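Biologist: Could you show me the model, please? Then we can go through it together.

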Amino acid sequence: MSHNTFGHLFRVTTWGESHGIALGCVIDGCPPNIRFSEMEIQSFLDKRRPGQSRFVTQRREPDQVRVLSGVILDDDQETMITTGTPISLMIENVDQRSKDYSDIARRYRPGHADYTYDAKYGIRDFRGGGRSSARETAARVAAGAIARKVMPDLSVRGALVSMGIKSVDRDRWNWGEVDKNDFFCPDAESVPVFTEYLDGVRKAGSSVGAVIEIVAEGVPAGLGAPIYAKLDQDIASNLMSINAVKGVEIGNGFEAARLTGEANADEMRMGNDGSPLFLSNHAGGVLGGISNGAPVVARFAVKPTSSILNPRKSIDADGNEIDVVTKGRHDPCVGIRAVPIGEAMMACTLADHYLRHRGQTGRV
Ligand SMILES: Cc1cc2nc3c(=O)[nH]c(=O)nc-3n(C[C@H](O)[C@H](O)[C@H](O)COP(=O)(O)O)c2cc1C
C-alpha cells in the first residue's frame with residue numbers, strides 16, 4: 001500500500017493498523033531546535049482518545065505516545081529539542097478485540113472500505129478495519145502537536161458546528177466553551193440539544209454526521225503558491241484525507257455561490273499598525289492560493305458512522321446476498337473525535353507551507 005506520506009518539507013509518514021501492535025508516524029523535515037514535551041503531544045492525543053464519553057467508541061486506549069528518535073533531552077530531562085533528523089512517534093494498541101470483527105472477515109460493511117480494499121489488494125486486515133480505521137489518525141494528531149511549533153505564534157482551534165440536523169448558533173460562539181463539553185461545541189446552549197439528539201441516535205443503534213470548523217490564527221500573508229500548491233488546495237486535500245470526510249469548504253465555501261460580488265469581496269483598509277486590514281473574511285484567509293494574513297478558516301463534513309447496529313443489505317466475498325449488523329465498538333458520531341484530527345491536519349499543512357515559503361523566498 002503506497003501513499004502513506006503527506007507534505008513536502010514537513011513530511012509525515014504514518015504506519016500501523018487498528019489492531020496491530022502499535023501505530024505511529026515518522027516526521028521528516030522538521031527543523032532543528034524546536035522544543036516540546038511528550039506531555040504537550042499527549043494533551044492533543046487525549047482530546048482525540050476514545051472511551052471518554054458515551055458519545056464516542058468505548059474502546060479503551062490510553063494512546064500513550066513515545067518519542068523514539070529525532071530529539072535530544074534538555075537539561076530538565078523533560079523538554080525535547082528536535083535535531084533536524086527524522087522524528088519517530090509510536091503509540092501502542094492495547095485494547096484490541098479482534099474477535100468482534102471475525103464476522104466481517106468475508107462480509108462487506110455497507111459504507112465502509114471493506115469491499116474496496118478487497119477489490120484493490122485482494123487481501124485486507126479486517127481486524128478493526130485495519131488501515132481503514134481512524135485509529136491511524138492518532139499518529140496524525142501526534143504529528144500535528146509538533147507541527148504547531150514550527151510557525152511562531154500559530155494558533156489552530158477547531159469546533160463542531162453541526163451534528164445531523166442540529167447546528168450551533170454562531171452568535172453565541174465562545175471558544176472558551178469548546179473544551180468544556182463532550183462535543184467540542186462552541187455554543188453552550190447547543191450542548192443539551194446535541195446531548196438529547198445524539199442519545200436518541202445512539203439508543204436507536206444508528207449514527208449521524210457532523211460539520212467541523214477549523215480556524216488558524218497567526219498565519220502571515222504569503223504562504224502558499226499560485227497554481228498547483230495553493231494553500232487552500234492543500235488544506236482541502238489534507239482534510240479530505242481524514243476518514244469519513246466527504247466535503248471541505250474554505251471561508252464562505254459553497255455559500256459564496258449564493259452571494260453577490262459586493263457581499264463576498266473582503267474590502268480593505270489600512271490598519272492602525274500600518275498593515276492591511278480586511279473588513280471581513282469571506283475568503284477564509286486565502287486569496288489566489290496564498291494566505292492574506294487573515295485567519296485561515298476551513299470547514300469539513302463528516303458522514304455518519306457506517307458501522308451501525310441496524311441491519312443493512314450487503315454481499316460477502318463469495319457473492320452471497322446478506323444482511324450486515326456491525327458488532328464491535330463504534331462512535332455514534334465520528335465527527336466529534338474528528339475535531340482534533342482536523343486541527344492536526346491544518347497544523348501540518350501550515351507547517352509545511354511555512355517551510356516551503358521560507359525555502360523559496362527566504363522570508364518569514
Ligand atoms: C474519529 C473517527 C472515528 C471513526 N470510527 C468509526 C467507527 O467506529 N466505525 C465506522 O464504521 N467508521 C468509523 N470511522 C469512519 C471510517 O474510518 C470510514 O468511514 C471508512 O474508513 C471508509 O472511508 P470513507 O468514509 O472515507 O469513504 C471513523 C472516522 C473517524 C474520523
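Biologist: How far is the ligand's oxygen atom from a polar backbone atom of Ala244?
Modeller: This is a predicted model, where local features need pLDDT of at least 70, side-chain atom pairs count only at pLDDT 80 or more, and totals for chains, interfaces and linings use all residues. Residues are numbered from 1 along each chain as its sequence is written, and side-chain values use heavy atoms, with hydrogens and water left out. A polar contact here is a pair of N or O atoms within 3.5 Å. The distance at Ala244 is 3.0 Å.

Biologist: Which residue has a polar side-chain atom 2.7 Å from an oxygen atom of the ligand?
Modeller: Let's start with the backbone: a polar backbone atom of Ser132 is 2.8 Å from a ligand oxygen. The side-chain atom at 2.7 Å belongs to Lys303.

Biologist: How much of the ligand's accessible area does the protein cover?
Modeller: Accessible areas come from the Shrake-Rupley method with a 1.4 Å probe. On its own the ligand has 630 Å², and the protein's share of cover is 87%.

Biologist: Why is helix H7 largely enclosed by the rest of the structure?
Modeller: Helices are DSSP runs (H or I, at least four residues), numbered from the N terminus. H7 covers residues 338-361. Buried means under 20% relative accessible area (1.4 Å probe, protein chains only). H7 is largely enclosed because its buried residues number 20 of the 24.

Biologist: Which residue of E8 is the bridge partner of Arg66?
Modeller: Strands are DSSP runs too (E, at least two residues). E5 and E8 run antiparallel, joined by four bridges. In E8, the partner of Arg66 is Met90.

Terms used. Polar contact = N/O pair within 3.5 Å; in protein donor to acceptor, adjacent residues only side chain to side chain. Expected span 1.5 Å × (residues − 1). Buried < 20%, exposed > 50% of the residue type's maximum accessible area, 1.4 Å probe, protein only. Pairing = 2+ DSSP bridges.
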